[in-house]
Amino acid sequence: MAMTSPTTATAVNSVLRVPPASPAAAAAHFGASLAFHADVSDVASALAAGGDPGFVVVDSRSTASWDQGHVPGAVHLPPALIPEQAAALLDPAVPVVTYCWGPGCNGATRAALALAQLGYQVKEMLGGFEYWAREGFAFETWEGGEQRAADPLTAPVDDADCGC
């Protein structure tokens, strides 16, 4: 099979039309991304390990959404209430992990911004509550605890570790 030169590939390939960043720029970008984001399964694993995970989880959704289902132990704090309630609910020395519904919702991003502006260290949980439930992690509702089977398109069925 013939190899295509990068210049030929960029002419026909929309992936390479804009060349990849240099390795140094990519390392800086992806390193920064990990400083801003946490994976659902990593959050679940840290919470399940017992003891103090070293962070607090904040659900940024509405009360109706919270009642429908939320991460066990999370603090309910929608972005509009952060300026007046964060100091009473959160320790400024403890990092915060925010979440909202899922990838199509930016409530966790707004909450993270509001908390960072108040001086909190903060990360956003990628996938939000949607992926928490889809990956089969237990959650709480206004009626009590619930857990669903893992969606095989988002989590391994026979293994607790996705290998990421």
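**Charges, rings and cores in the model**

Visitor: Is R61 buried or exposed, and what is its relative accessible area?
Guide: This is a predicted model, in which local features need pLDDT of at least 70 and side-chain atom pairs count only at pLDDT 80 or more, while totals for chains, interfaces and linings use all residues. Residues are numbered from 1 along each chain as its sequence is written, and side-chain values use heavy atoms, with hydrogens and water left out. Buried means under 20% relative accessible area, exposed over 50%, and partly exposed in between, computed with a 1.4 Å probe on protein chains only. R61 therefore counts as buried, its relative accessible area being 4%.

Visitor: About how many helical turns separate R134 and E130?
Guide: R134 and E130 form a salt bridge, with their closest N and O atoms 3.2 Å apart. R134 is partly exposed at 25% relative accessible area, and E130 is likewise partly exposed at 33%. Helices (H or I, at least four residues) and strands (E, at least two) are DSSP runs, numbered from the N terminus. Because R134 and E130 lie 4 residues apart in helix α7 (residues 128-134), the separation is about one helical turn.

Visitor: Over which rings does R61 lie?
Guide: A charge sits over a ring if NZ of Lys or CZ of Arg is within 6 Å of the ring centre and within 35 degrees of the ring normal. The charged end of R61 is 4.4 Å from the ring centre of W101, and R61 also lies over the face of F129 at 4.8 Å from the ring centre.

Visitor: What is the geometry of the pair formed by F129 and F139?
Guide: Rings of Phe, Tyr and Trp (its six-membered ring) pair if their centres lie within 6.5 Å, with planes under 30 degrees apart counted as stacked, over 60 as edge-to-face and the rest as tilted; the structure holds 3 such pairs. The centres of F129 and F139 are 5.2 Å apart and their planes stand at 85 degrees, so the pair is edge-to-face.

Visitor: To which atom does the side chain of H70 reach?
Guide: H70 lies in the loop between α4 (63-68) and β3 (75-76), and is buried at 6% relative accessibility. Not counting residues up to four places away in sequence, H70 touches several residues, including D59, R61 and F129, contact meaning heavy atoms within 4.5 Å. At 2.8 Å, its side chain reaches the backbone oxygen of W66.

Visitor: How many residues does the largest nonpolar core have?
Guide: A nonpolar core is a set of buried Ala, Val, Leu, Ile, Met, Phe, Trp, Tyr and Cys residues joined through side-chain atoms within 4.5 Å. Among the residues with the most contacts inside the largest core are V43, Y99 and W132, and the elements giving two or more residues to this core are α3 (40-48), β4 (96-99) and α7. Apart from it lies another core of 14 residues, whereas the residue count of the largest core is 16.

Terms used
A salt bridge is a side-chain nitrogen of Lys or Arg within 4 Å of a carboxyl oxygen of Asp or Glu. A polar contact is a pair of N or O atoms within 3.5 Å; within protein, one must be able to donate a hydrogen and the other to accept it, and residues adjacent in sequence count only if both atoms are side-chain atoms.
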